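Please examine the sequence and the structure shown below.

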Protein chains: 2
Amino acid sequence: MLQSEAVKIEIINTGTELLLGNTLNTHGAWFGRELFKLGLRIDRQTTVPDGDAIRDSLQEALGRADVVIVTGGLGPTSDDLTREITAEVLGLELITDEAAMRSLEGFFALRDKPMAEANRKQALCPVGADILPNPNGTAPGVYVPPRLNGRSNCAVFLLPGPPRELYPMFHAEITPRLRALAGVELAHDALVLKFTGIGESDFHQGIDAQLAAVAGLEYGYCAHIGELDLRLIGTEAALAAGRKIALDHFEQYLISDDESSLEKTVVRMLAERGMTFSTAESCTGGLIANRITNVPGSSEVFTHGFVTYANEAKSGMLGVPVEDILIHGAVSEVVARAMADGALRVSGASIAVAVTGIAGPGGGSEEKPVGTAWIAVAMQGGLTESFSVYHPRNRKDFKLSVSQGALEAVRRRLKASAR
Amino acid sequence: MLQSEAVKIEIINTGTELLLGNTLNTHGAWFGRELFKLGLRIDRQTTVPDGDAIRDSLQEALGRADVVIVTGGLGPTSDDLTREITAEVLGLELITDEAAMRSLEGFFALRDKPMAEANRKQALCPVGADILPNPNGTAPGVYVPPRLNGRSNCAVFLLPGPPRELYPMFHAEITPRLRALAGVELAHDALVLKFTGIGESDFHQGIDAQLAAVAGLEYGYCAHIGELDLRLIGTEAALAAGRKIALDHFEQYLISDDESSLEKTVVRMLAERGMTFSTAESCTGGLIANRITNVPGSSEVFTHGFVTYANEAKSGMLGVPVEDILIHGAVSEVVARAMADGALRVSGASIAVAVTGIAGPGGGSEEKPVGTAWIAVAMQGGLTESFSVYHPRNRKDFKLSVSQGALEAVRRRLKASAR
């Protein structure tokens, strides 16, 4: 659904650890998202081991692409050859960049450590290329503009591998250069609308044709478990039109329009309303509390989490009547509601959510198969609501799906309550 | 540290969603780990968009590699062209495989759905190639043996993209063929030893030279947060020698020798001892309970989880004296111990762990900076133990580090207790 293919971009990730499975290559997806925001896309991504292997892949990419971004291999060890091989392939001499050398010396002086001889090569730079400062490590980046050499009309960026060094350098140094290379007409704005409780096919059937008709708008979907992101890029007017189409149809399912996660949205809504929150979890086993407490500032609104895995915990911690568990079973509407009511009462929080279900692989029956869960939301001065879901998935995906349903139920309840 | 490069393997992942950043490409790391166990490694991994782009990358890979594994593009839609392009590039005719067609028809009949016309092409197979059954979806895999065609001496596997279809097919169909292709001398055994509480540099300094001296042994390290995997491949004798070297030095840090996670190991040890477990979490916010309940069968040993984020929760749920919190602060050894003791008392579990710390970004002080945490372990009939850790990391990594330290403390306590 993205048509912008004006600028051909290739990513080359170097690192033996990426190919041995020691490290998950998250660079690809990260670059994809960041470039999308600039109205750009990746044409090809290649992973090669440390060392010499980069030569062939770089040479091939230079013949195809307008921009090549290489990550890794800028360190001080003998395996770190990205700088040397790039200069060789482009036919450029490597010289010591004085500013880079001073910056390296400063890095070590600040840490009161002697600089090893091996680090000196990190200040080397192809003649005429730009050194890209790295405030978070010893390896500066390198930018070789197009037409600097006789062998390629391609812009080449060399970036450090570790995300904490790569990400800030990308935003500070790469983004403005890519914007300049791509030309102003590609300097799009971007908007991500996150939805839950609705799937990709609903969007296809509901608004796909309308979005496609908006001039200057590009869009894409990104489906996660229990969540769908609609990504829009284009002019300000196109974004506004695309947003209106999406919200006219699906506003009730909207989590956020600023890339906030569902848990972050819930924490924000609680804080805005001056409300506190409590969780009572059986089958999700603490995942809901864990997600909420991943949000900075959640301690202002989240007070008590009850992980009542055993039946005695449901009775002891939350006061769920033992006979309810005996008669209806631990996975039942009655018990889910009693857990939510109990969490509200014991914690004194403004709102509480409870879940109880069968994660599997064991514990299922014909009547209540693995994947069944009940969710209940209780609120001070309001009625307790409850519903069931069915997610016959593996254990972790089941937990995630149920936690998503529970947090979404809280979001809707908060939305319905006055702000 | 791996020297085996006899068989050159390339992976081509197709999927526009991988390049737009919508989906994290986990295939690369997964293949790396699985191939490592076979004594094999990936020479290059390439990601290309859906559709035509696979043609060039496949052609290039055929010229370099002994084995090419392509994932994705085997579905029924017009974007799914992997089957067609592979046949074209190899100069092989596509014909309908009758067994594959019956299997497809059976898939839909079982689900009481009509088979769409578009699905028929999923039964197409290059002449002479093998169809690889897919019990988990509609897209069968394809294996084109080397020398089947005049254009390449390379074995080509076409596999479905979704992990739940890909992983079982790899184990059932690809592993035996790769072993046969690589020859018996490469049919290594593999062993993964997981350690915690010790870093990669300890291994480098401690046993690297000794491991390198073992004939027929290849080894590699894989560092995660709070965990280090030592991977060994080789003959039975070499594995035994490597294992002995590692355990002679670091047995006390060993989590498992069967790839079990720390939480799985803890659940197993609890079950073996007939013990039950409870958690009291402040700064980890439910992460420890979540990790434990990710383990199938954890409901046999895990009973109560207390997420006491607010001070009132620490007092109310666990009976931590209010004056202890006032005098020592919520993040203190006294409070951590009172939380563990309270969890043990309230739950009646055999053993309990408690954590309290400062996840940040706010809440730090000069005396107790962000990243500080106290961990305590209480056990029925035993003394309560406590210690502090310091992990000045981002919020999620801090939580993970602290949860790792807490679970490791439980593991050690269980190890010290009679089985």
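## A positive phi in a loop

In this predicted model, Glu259(B) lies in the loop that connects strand E12 (254-256) with helix H9 (262-273) of chain B. Its phi is near 70 degrees, a positive value in a residue other than glycine. Most residues other than glycine have a negative phi.

In chain A, Glu259(A) is placed in the loop between strand E12 (254-256) and helix H9 (262-273). Phi of Glu259(A) is likewise positive, near 70 degrees. Because 15 other C-beta atoms lie within 10 Å, Glu259(A) is partly exposed.

In chain A, Gly360(A) and Pro361(A) are joined by a cis peptide bond, with omega of about 5 degrees. Pro361(A) belongs to the loop between E15 and E16 of chain A.

In chain B, the bond from Gly360(B) to Pro361(B) is also cis, and omega is near 5 degrees. Pro361(B) is located in the loop between strand E15 (351-357) and strand E16 (372-379) of chain B. Most peptide bonds are trans.

## An enclosed strand

Why is strand E15 (residues 351-357) of chain A described as largely enclosed by the rest of the structure? The reason is that 7 of its 7 residues are buried. In a regular strand, the side chains alternate between the two faces of the sheet. Both faces of E15(A) are covered: one side carries the buried residues Ile351(A), Val353(A), Val355(A) and Gly357(A), and the other carries Ala352(A), Ala354(A) and Thr356(A), also buried.

E15(A) pairs in the parallel sense with strand E13 (residues 277-281) of chain A over 5 bridges, and Thr279(A) has Val353(A) as its bridge partner. With strand E16 (residues 372-379) of chain A, E15(A) runs antiparallel and is joined by 7 bridges. Here Ile351(A) is partnered by Met379(A).

## The contact between the chains

Chain A gives 47 residues to the contact, and chain B gives 48 residues. Among the elements of chain A that provide two or more residues are helix H2 (27-37), strand E14 (302-308) and helix H14 (395-416). The residues on the chain A side comprise 20 nonpolar, 21 polar and 6 charged.

Strand pairing also links the chains: E14(A) and strand E14 (residues 302-308) of chain B are antiparallel over 5 bridges. In this pairing, His304(A) stands opposite Thr308(B).

Terms used
Residues are numbered from 1 along each chain as its sequence is written. Chains are lettered from A and ligands numbered from 1 in the order in which they are written. This is a predicted model: local features need pLDDT of at least 70, side-chain atom pairs count only at pLDDT 80 or more; totals for chains, interfaces and linings use all residues. Two residues are in contact if their C-beta atoms, placed from the backbone, lie within 7 Å. Helices (H or I, at least four residues) and strands (E, at least two) are DSSP runs, numbered from the N terminus. Ala, Val, Leu, Ile, Met, Phe, Trp, Tyr, Cys and Pro count as nonpolar, Asp, Glu, Lys and Arg as charged, and the others, Gly among them, as polar. Two strands pair if DSSP finds at least two bridges between them. A residue is buried if 20 or more other C-beta atoms lie within 10 Å of its own, exposed if 12 or fewer, and partly exposed in between; C-beta atoms are placed from the backbone.
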